[in-house]
Amino acid sequence: MRYVVTGAAGFIGSHLGEALAAAGHEVVGVDCFTDYYDPAEKEENARDLDVRRLDLAEQPLDLDGVDGVFHLAGRPGVRSFGDVFPLYLRGNVLSTQRVLEAAAAARVRVVLASSSSIYGEAEAYPTPEDAVPRPISPYGITKLAGEHLARAYAVGFGADAVVLRYFTVYGPRQRPDMFFRRVCEALLARSTFEIYGSGEQSRSFTYVGDAVAATIAAMERAPAGAVYNVGGGEEASMLEAIALLERISGRSLDTRRVDAARGDVARTKADVSRIRDALGWEPRTTLADGLSAMWSWASGRLPAA
Ligand SMILES: NC(=O)c1ccc[n+]([C@@H]2O[C@H](COP(=O)([O-])OP(=O)(O)OC[C@H]3O[C@@H](n4cnc5c(N)ncnc54)[C@H](O)[C@@H]3O)[C@@H](O)[C@H]2O)c1
């Protein structure tokens with residue numbers, strides 16, 4: 001098959017592109033290397049992929065001869081209040097609308113990367129897909145808008161879209177603004193780590209290889225219009241995860257508490273029964289194994305102090 005992967009120079013998109021190529025598919029990557037974090041890091045992520053420089057918010061996406069689109073491009077991060085909001089609209093709403101428009105015209109499936117952030121402080125844990133979405137960050141609101149656009153294009157134009165709600169994905173190449181990446185870097189540099197809030201916030205951390213497997217399964221086997229949580233099996237608090245990384249690295253982390261970040265939820269816990277029943281997918285990587293892989297990558301990449 002010939003697949004387009006948008007956001008192919010990013011953290012999850014580059015792993016997805018490599019996994020598709022390894023499975024014998026032809027992969028056309030698309031990315032505009034935004035400066036949300038160092039574009040040089042994206043060049044490194046995309047080293048083994050054919051990634052075309054294209055800004056989805058303004059340039060046309062050619063889907064001639066393409067069998068499906070994995071739409072992972074976007075503007076991530078819950079710190080999305082204030083002046084940066086237009087960038088979230090552009091990265092997550094306008095770009096998604098344009099991808100859906102192109103895919104509907106070409107009659108190809110889109111697998112859309114959404115987020116657990118659409119739930120906000122969820123009404124139930126573990127959270128099923130039909131929980132009422134009540135995002136508390138502008139980021140979550142733009143991801144939810146992308147989901148609604150997918151539905152509108154399905155109803156209006158017969159578009160074939162599948163929505164995946166990723167829960168805090170981690171592993172090698174994780175974005176530099178994300179928690180585990182920052183912990184690894186602070187352990188390596190022996191610098192002080194700032195914990196936002198109490199550190200008791202917990203997450204369904206999801207290993208990137210598991211997220212990629214769910215994403216490919218969704219393209220291959222999901223019914224049109226499906227919406228699935230993609231979340232790790234083990235919930236852990238920030239403090240528990242730090243303790244695990246300290247054990248893995250053999251180092252101890254010097255920490256300092258700072259105010260909780262606005263838009264950050266206290267807890268996420270995925271109910272993955274729907275995707276398990278429909279696609280036979282479930283998370284396979286334990287947090288200990290996933291964090292060991294992440295530590296090996298981070299310590300191999302950054303000079304140890
Ligand atoms: N990492 C997570 O834990 C997580 C959780 C939930 C949802 N998601 C979603 O998964 C997707 C991938 O996340 P990630 O962590 O790999 O982020 P990332 O920032 O590493 O990757 C996103 C990529 O999209 C590209 N991009 C942004 N706007 C673009 C545009 N207009 N045209 C072309 N390319 C553009 C960026 O340059 C970047 O390389 C995003 O949609 C994100 O919202 C991620």
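Predicted model: local features only at pLDDT ≥ 70, side-chain atom pairs only at ≥ 80, totals over all residues.
A polar contact is a pair of N or O atoms within 3.5 Å.

At Leu-56, a backbone N or O atom lies 2.9 Å from a nitrogen atom of the ligand, and at Leu-54 a polar backbone atom is found 3.5 Å from a ligand nitrogen atom. Of the 820 Å² of accessible area that the ligand has on its own, the protein covers 97%.

The surroundings of the ligand may be considered next. The ligand is surrounded by 30 residues, and the closest of them are Asp-31, Tyr-37, Tyr-139, Val-169 and Arg-175. Sorted by class, this shell comprises 17 nonpolar, 8 polar and 5 charged residues. At least two residues of the shell come from each of three elements, namely α1 (11–22), β5 (109–115) and α4 (138–157). The greatest contribution is that of β5, which supplies 3 residues.

Attention now turns to a pair of strands. Strand β6, residues 161–166, runs parallel to β11, and 4 bridges join the two. Within this pairing, Leu-164 has Tyr-228 of β11 as its bridge partner. Strand β11 spans residues 227–230. From this strand, Tyr-228 and Val-230 point one way, whereas Val-227 and Asn-229 point the other way. Residues on both sides of β11 are buried: Val-227, Tyr-228, Asn-229 and Val-230.

Methods. Residues numbered from 1 in each chain as written. Heavy atoms only, no water. Near = heavy atom within 4 Å. Polar contact = N/O pair within 3.5 Å; in protein donor to acceptor, adjacent residues only side chain to side chain. Areas by Shrake-Rupley, 256 points an atom, 1.4 Å probe, with all protein chains shown as cover. Nonpolar A, V, L, I, M, F, W, Y, C, P; charged D, E, K, R; others polar. Buried < 20%, exposed > 50% of the residue type's maximum accessible area, 1.4 Å probe, protein only. Pairing = 2+ DSSP bridges.
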